[in-house]
Amino acid sequence: MAALARAAICQAGVAQWMAACSGLLQTTAVQGQCRRMLCGLFQRHKAGQSQLSKSCGGLIQDNAAIAQQTRWFYNTNKHHAAKDSMQSSEEKVGTFTRIIEAMGFTGPLKYSRWKIKVAALRMYTCCVEKTDYEEFFNRCQMPDTLNSWFLVAQLHVWMCLVRMKQEGRTGKYMCRYIVHCMWEDVEQRGKVMGLNSVTLKEDMKIMVENFYAALFGYDEGILSDDHVLAAALWRNLFNRNCEDPRHLELLVEYVRKQVQHLDALSGEELLLTGEVSWRPLLESNARSILRPPAPVYNDEGL
């Protein structure tokens, strides 16, 4: 009996040991599977981190490039804004000045009004007296009439207006008085020629309309190429009656060189004196109008 009991105990112990071993094996297998799963997850996580780092690196580089472009655009816009503010500060006026100018009055100017009016009258006188009208009439085959004189005079007045509009508010005020002097002169010349008041009034009304239309056409022509300027001269100066294209070529060259010549004059002197000189209609070397001054060197060659 004792032997049977010991054998049963041994058998039970072996069974328990085998069950424990099988559990241990199952646990080991499960741990192996878990280890493999964890290794796979770690490798995938590592690969994902590398891809993420690459993506983040690309995004960081892109963001750096965008930030650099943003800084460049900001600096450029800031530079342009500074330039615009510098340009606008020259013409900056107060609120009171804007109000009185909107009401039709003139605000404070750089120089006194009577000096500007005297300079404007002198400038208009230069347009009338320093222009060789006979040469214009002969070269361009224009009739010697009051209308032809007015067309040549308004061309020179327009060139003076283009120059003086570059001198700010004071220059624009001077332009108004130049035009005022021109209409007074036209009226006086019409009376001297014996035109009655009704005919003179109608003629001046037509001249006013043609004058502002000519200003618009000449402005467009001087800002464009020679074809547009020639068309403006053909419409306004020649009254659409010019059969020789050499006349248009001569006038286009004349306007270009006169505008360049006026741009070289000092704005301060023009505002104070109004003295204007004109280049001749025909020149041997009309393209060499403004020659840069020759450099002056000292004894050391500097």
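**Arg240 counts as exposed, at 53% relative accessibility.** Here buried means under 20% relative accessible area, exposed over 50%, and partly exposed in between, with a 1.4 Å probe and protein chains only. The model is predicted, and for that reason local features need pLDDT of at least 70 and side-chain atom pairs count only at pLDDT 80 or more, whereas totals for chains, interfaces and linings use all residues. Residues are numbered from 1 along each chain as its sequence is written, and side-chain values use heavy atoms, with hydrogens and water left out. Arg240 is placed in the loop between helix 8 and helix 9, where helices are DSSP runs of H or I with at least four residues, strands are runs of E with at least two, and both are numbered from the N terminus. The phi of Arg240 is near 60°, a positive value in a residue other than glycine. Most residues other than glycine have a negative phi.

**The protein chain as a whole contains 10 helices and 0 strands.** Read from the N terminus on, its elements run α-α-α-α-α-α-α-α-α-α. Of the 302 residues in the protein chain, buried ones make up 30%. Among the contacts with a separation of 6 or more, 68% come from residues 24 or more positions apart, a contact being heavy atoms within 4.5 Å.

**Helix 3 (residues 113-129) packs against helix 6 (residues 168-192) at an angle of about 55°, with the two axes 8 Å apart.** The axes are lines fitted to C-alpha atoms, for helices over the stretch in contact, and the angles run from 0 to 180 degrees between N-to-C directions. Helix 3 and helix 6 are therefore oblique to each other; angles under 35 degrees count as roughly parallel, over 145 as roughly antiparallel, 65 to 115 as roughly perpendicular and the rest as oblique. On the side of helix 3 the contact is made by Arg113, Ile116, Lys117, Ala119, Ala120, Leu121, Met123, Tyr124 and Val128, and on the side of helix 6 by Thr170, Tyr173, Met174, Tyr177, Ile178, Cys181, Met182, Asp185 and Arg189. These residues divide into 13 nonpolar, 1 polar and 4 charged, where Ala, Val, Leu, Ile, Met, Phe, Trp, Tyr, Cys and Pro count as nonpolar, Asp, Glu, Lys and Arg as charged, and the others, Gly among them, as polar.

**Helix 5 (residues 146-164) and helix 9 (residues 245-263) pack at an angle of about 35°, with their axes 10 Å apart.** Helix 5 passes helix 9 in a right-handed crossing. Helix 5 contributes Leu155, His156, Trp158, Met159, Cys160 and Arg163 to the contact, and helix 9 contributes Leu251, Tyr254, Val255, Gln258, Val259, Leu262 and Asp263. By class, this contact has 9 nonpolar, 2 polar and 2 charged residues.

**Val255, which lies in helix 9, counts as buried at 0% relative accessibility.** Not counting residues up to four places away in sequence, Val255 touches Leu155, Trp158, Met159, Ile222, Leu229 and Leu233. The C-alpha atoms of Val255 and Leu229 are separated by 9.0 Å, although the two residues are 26 apart along the chain.

**His247 is also found in helix 9, and at 10% relative accessibility it counts as buried.** With neighbours within four places in sequence left aside, His247 is in contact with Arg139, Cys140, Gln141, Phe238 and Cys242. Gln141, by contrast, is exposed, with a relative accessible area of 64%. Gln141 sits in the loop between helix 4 (133-139) and helix 5, and it has a positive phi of about 55° although it is not a glycine.

**Asn236 belongs to helix 8 (residues 226-236) and counts as buried at 12% relative accessibility.** A polar atom of the side chain of Asn236 lies 2.7 Å from the backbone oxygen of Ala232. Beyond its neighbours within four places in sequence, Asn236 is in contact with Leu151, Ala213, Ala214 and Tyr218.

**Trp234, placed in helix 8, counts as partly exposed at 31% relative accessibility.** Leaving aside neighbours within four places in sequence, Trp234 is in contact with Asn239, Arg240, Asn241, Cys242 and Leu248. The C-alpha atoms of Trp234 and Leu248, which are 14 residues apart along the chain, are separated by 7.1 Å.

Key
Left-handed = near helix turned anticlockwise from the far one by under 90°. Polar contact = N/O pair within 3.5 Å; in protein donor to acceptor, adjacent residues only side chain to side chain.
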